[in-house]
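Subject: Structure for you to look at

Hello,

Here is the structure I promised to pass on. Please open it before you read the notes.

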Amino acid sequence: MSLVVLSNNKTEDGIVGVSGSIDKPFQFRNNLSSTYELPANAQVALQSAKVNLDGSIIIGNDNRTFFFWFGVPLSHLTGVGHQNTIQNSICEPIKIELGPDITDRDSFLQVNPPDLAPFLQKALRKYSYHPQIQNRMNVTPKYTNGLFVGYDFQILQSAEADGVLVNYIPPEASILDAYDQRIRDGVRAAKYTYAVGVPGGTFYHTDTRDQNNKGAFMTADVPPLSNKKGKFIVDISDIVGANSTSCCIGLSRDTTVITAAGDFVYPGHILGDIAAIWGRPARLPRSSSTATAIDETFNGRSWCRAYFDYAVVLNRFQTGVNAGKMFLEVYHCCATSDASTDELQGNGLTTWKIKKMDYGALAIAGGLASNYDFVRNDDNYQQVEFIVSGDQVSINLLSVGAPVPVMDYDATRNKDQNLTPMEQGRWSLFPVLGIYNRFNVANGIGQERSLTIATWNGTNSFVPNWTTDGGWLDNPNATWNRRIDEDADTSSGALSLRNCLDYNVLATSLNPYKYGGADGVTPFGYTLFQPRLIVSPSDLYVGTNQANMGNILGFAQTPVATVTATDAVTGTYTIVSANAPNVISIKSIFCRLDNFTQQSVNGKRGSTSQIIAHLPRYVQSGQNNYGPLYLEANNLIYLDLNNPEPMKVNTFDISMVYADETLAEGLVGTTIVCLHFREKPK
């Protein structure tokens, strides 16, 4: 039997610094001046070890994930005012992964706890999708009497009030086709033009001989509509009256996913595509399977092919009892298990549908009658106005007088009598305009028609360089939908199964979601929403089983971190670490003898290994978090070297590694390893 003492340094002086070459504290080689001979059938065990931890945190796959929630908080309490299940929520926890390169799941980050703050801030800003808090997250280290005690998480909100929102008319360079990717790519010519002037951005359908059920549709790659009473106002004066044009004015989540056919764009995480037609795969947006049908039910609305979440359609009737008239129709995309066919294009599926809203049956005080004829337009309606206020979407008509409501929100109505709420999938909404000239006269002489964007209250966003850095619609960091699409995460489809969203579930016993409004005066805006950090798995915030940063962020016994302070002046929420973070990495360290013939099994990697021992973390009364740590095993575990003949040795290569066998670079200073060799007992 013999003892071999190995070290990366000649002395033990100092505990800081990292040596170069092959003498690093986590990987080093000792060369012998003379040959050392081991007997046949020898065994090796780790007798003792001393390492120095520098106090840094190693962020890897096992401690890099937490979740962010911005919505009505969930509670274990029951009764009025409490949401005790995610089934009654319109939001989903947003997964946040931390690291030097968040897209590289095999990377790791070594950092001192206070210096982790900018990485946390970058990650939170990247995934703060709600327009009201977009890129407005601050994370700072917190100190008490000079000692690091955790982090301050600050979530700011836009302080803009109703009436002072910026009117940002989408520039010409931001315009994209809202339906056909080939037009976006420049492969096919667009049948429209768009120009910014006075009074705004004007959209023309240039092909006035369109006889193939094809309208022209545009959207804009601009900051989404503010959810704090943001307004989208479109001038319709060139469409209404005695002509042959129909139009669509709407708001849509980002439509960026292309179908397998490579032609059409739609929200990729929405299920329920219609049956394939024209030999192409099933897809959204919807196209009628009876493209030539014209009747009182659909009456040619198959032209309205672009996807939208909320829309006003000014539709001209060519046949039936209403022939020659133009009615205003309201549609929205909602989750429903109702198999009725009163949606824009019936598909009979049980997920998202575009359904028609019978606003006339609601008898809204002072509101528009459903049979108002826009060919005559006796009240001289000139503009359509959308207002987004928190979860609520309302639609008005504007003329020379006060706004005339078409749709508003009333908490006393059944769910199917309100427009669907602004659930997380449509936090960011973009404009959609469509013009259809199917029934224009031959050659379309004198029939060019237009829609003009008069107001677009783009959110007060602080995302840098959004105009030159991929914009919004093509930027995976800009919207939650893009994140879902990029990660190929289909779990968001569960939103359509929520009780609060299913329009076919009306029972009050299911606690239907009450839409929260936005206060246009106080900086907070939303009156119901609050942020949460889910740092450990939570039974309330379902889908957070991967959360594993509770200890590192200072919430050791708190799976869900809640708001600890609010600032009514700046509209800032603050979440403070509940306890001082554990400043030692949770990653285990193992000793590996690299140039010998012993074998162990690393189940984490699913392969054989040269690891000879595990270094327990706490070895001095459980108090050592960093600095010198010492190990002397109570029971030596010997591994066979598998040498049937005596073995001559000149070098010893030692590595300190994590469970995945990446080097334990959190070690500094001097590392000492004592190996015990013996002949295998008979």
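Predicted model: local features only at pLDDT ≥ 70, side-chain atom pairs only at ≥ 80, totals over all residues.

Residues are numbered from 1 along each chain as its sequence is written, and side-chain values use heavy atoms, with hydrogens and water left out.

Salt bridges

A salt bridge here is a side-chain nitrogen of Lys or Arg within 4 Å of a carboxyl oxygen of Asp or Glu. The count is 18. One of them joins Lys 648 to Glu 37, with the closest N and O atoms 2.8 Å apart. Lys 648 is in strand β37 (residues 647–657) and Glu 37 in strand β3 (residues 27–38), 611 residues apart. Helices (H or I, at least four residues) and strands (E, at least two) are DSSP runs, numbered from the N terminus.

For accessibility, buried means under 20% relative accessible area, exposed over 50%, and partly exposed in between (1.4 Å probe, protein chains only). Lys 648 is exposed at 58%, and Glu 37 is partly exposed at 46%.

Arg 253 and Glu 423 also meet in a salt bridge, at 3.3 Å from N to O. Arg 253 lies in the loop between β16 (246–252) and β17 (257–258), and Glu 423 in the loop between β24 and β25 (430–436), so this pair ties together parts 170 residues apart in sequence. Arg 253 is buried at 1%, and Glu 423 is buried at 0%. Both belong to a network of salt bridges that links Arg 253, Asp 309, Glu 423 and Arg 426.

Aromatic rings

Rings of Phe, Tyr and Trp (its six-membered ring) pair if their centres lie within 6.5 Å; planes under 30 degrees apart count as stacked, over 60 as edge-to-face and the rest as tilted. The whole structure has 21 aromatic pairs. Phe 153 and Phe 555 make a tilted one, 6.5 Å centre to centre with 35° between the planes. Phe 153 is in strand β10 (residues 147–155) and Phe 555 in the loop between α4 (550–553) and β28 (560–561), so the pair ties together parts 402 residues apart in sequence. Both residues are buried. They are also members of an aromatic cluster with Tyr 143, Phe 148 and Tyr 151.

The sheet

Two strands pair if DSSP finds at least two bridges between them. An open sheet of seven strands runs in the order β12-β13-β26-β15-β22-β23-β24, with antiparallel pairing. The edge strands are β12 (192–196) and β24 (404–407); each has a single partner strand, so one side of each has no neighbour in the sheet. Within the sheet, β22 (residues 383–389) and β23 (residues 392–398) pair over seven bridges. Ser 389 stands opposite Gln 392 in β23.

Cysteines

How many disulfides are there, counting pairs of cysteine sulfur atoms within 2.5 Å? The count is zero. The sulfur of Cys 334 is 6.7 Å from the closest cysteine sulfur, in Cys 333, which is too far for a bond. Cys 500 is in no disulfide either, as the nearest cysteine sulfur, that of Cys 91, is 9.0 Å away. Cys 334 is buried, with a relative accessible area of 0%, and Cys 500 is buried at 2%.

Regards

Conventions:
Disulfide = S-S within 2.5 Å.
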